[in-house]
Amino acid sequence: KPHWLKHLTPPRGLRPHAPSIMALLRRAINVAAAAGVAARRGGARASSTAVVSSSAESMSQKAWRWLDITGFLTKWHSRRAWILDLDPPSRAASMMMTEYERRLLLWLTWMNFFF
């Protein structure tokens, strides 16, 4: 056994059972293999960020999606989307901004744009 591996192994009483480790390893290999087969076939990714596909969305959902063409409504309701739209120094500074200040900044930006 290498000397550095001795520090990474848990104490004897805390070691998990070998069959459970093998089951987890076998499951991880199967999932990875299935993802590789789907990617080779040109299939879609295993996960999707779309809540509703465009063919299954209602008329009101479609209208809201088209109204949000600039992303303002998304940034108004989602702090994550708003932060991702900022440049890196502003992202770091935005952690000190309250929700009220964030929405006020969005509102003032749009009022400045319209008037």
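**Figure 1. The whole protein and its surface.** The protein exposes about 10,200 Å², and carbon and sulfur atoms supply 66% of it (areas come from the Shrake-Rupley method with a 1.4 Å probe; for residues, only the protein chains shown count as cover). This is a predicted model: local features need pLDDT of at least 70, side-chain atom pairs count only at pLDDT 80 or more, and totals for chains, interfaces and linings use all residues. Residues are numbered from 1 along each chain as its sequence is written, and side-chain values use heavy atoms, leaving out hydrogens and water. You will find 7 helices and 0 strands here (DSSP runs, numbered from the N terminus: helices are H or I, at least four residues; strands are E, at least two).

Figure 2. Phe-72 sits in helix α4 and Trp-110 in helix α7, 38 residues apart. Phe-72 is buried, at 17% relative accessible area, while Trp-110 is partly exposed, at 22% (buried means under 20%, exposed over 50%, partly exposed in between; 1.4 Å probe, protein chains only).

Figure 3. About one helical turn separates the two, because they are 3 residues apart in helix α7. Phe-113 counts as exposed, with 62% relative accessibility.
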